[in-house]
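Hello,

Here is the structure for you to look at. My notes follow below it.

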Amino acid sequence: GLVHAYSASAQGAIEEAQIITYDLYTEVSFSVSYSDYQKLSLTFAEFEFRTEDINYGVDVEIIGRVLSSMVDPFIHKLTEITSGRIKSEILGEKFDY
């Protein structure tokens, strides 16, 4: 009885389970002027940039992550949009879904 109940419960859980795929993301920190910050929102959406923290001071300081396979084109696009004024730093990599 009890083994059968646990088996049925486990089988139900397996049938309802979903596969979660984790991807490698690169965490990036950068600082931009307020006027440049306004120009970047479309690029954030284009590269599916995930903002983790924003500090508004003299400049806008942003920490977030982008797929590791897209980090170089992302930084290149930010540099292009800001005419090289952006200051960026790679903070590390981590897996996320």
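Buried means under 20% relative accessible area, exposed means over 50%, and partly exposed is in between (1.4 Å probe, protein chains only). F49 is buried, at 9%. F74 is buried too, at 0%.

Some ground rules. This is a predicted model, where local features need pLDDT of at least 70, side-chain atom pairs count only at pLDDT 80 or more, and totals for chains, interfaces and linings use all residues. Residues are numbered from 1 along each chain as its sequence is written, and side-chain values use heavy atoms, without hydrogens and water.

Confidence comes as pLDDT, the predictor's score for each residue from 0 to 100. The chain averages 91. Helix α1 (residues 2-16) is lowest, with a mean of 76. Strand β3 (residues 60-67) is highest, at 97. Helices (H or I, at least four residues) and strands (E, at least two) are DSSP runs, numbered from the N terminus.

Now the rings. Rings of Phe, Tyr and Trp (its six-membered ring) pair if their centres lie within 6.5 Å; planes under 30 degrees apart are stacked, over 60 edge-to-face, and the rest tilted. There are 10 aromatic pairs by this rule. Y22 and Y97 are edge-to-face, because their centres are 5.3 Å apart and their planes stand at 80°. Y22 lies in the loop between α1 and β1, and Y97 in the segment after β4, so the pair ties together parts 75 residues apart in sequence. Y22 is partly exposed, at 46%. Y97 is exposed, at 55%.

F49 and F74 are stacked, at 5.1 Å and 15°.

Best wishes
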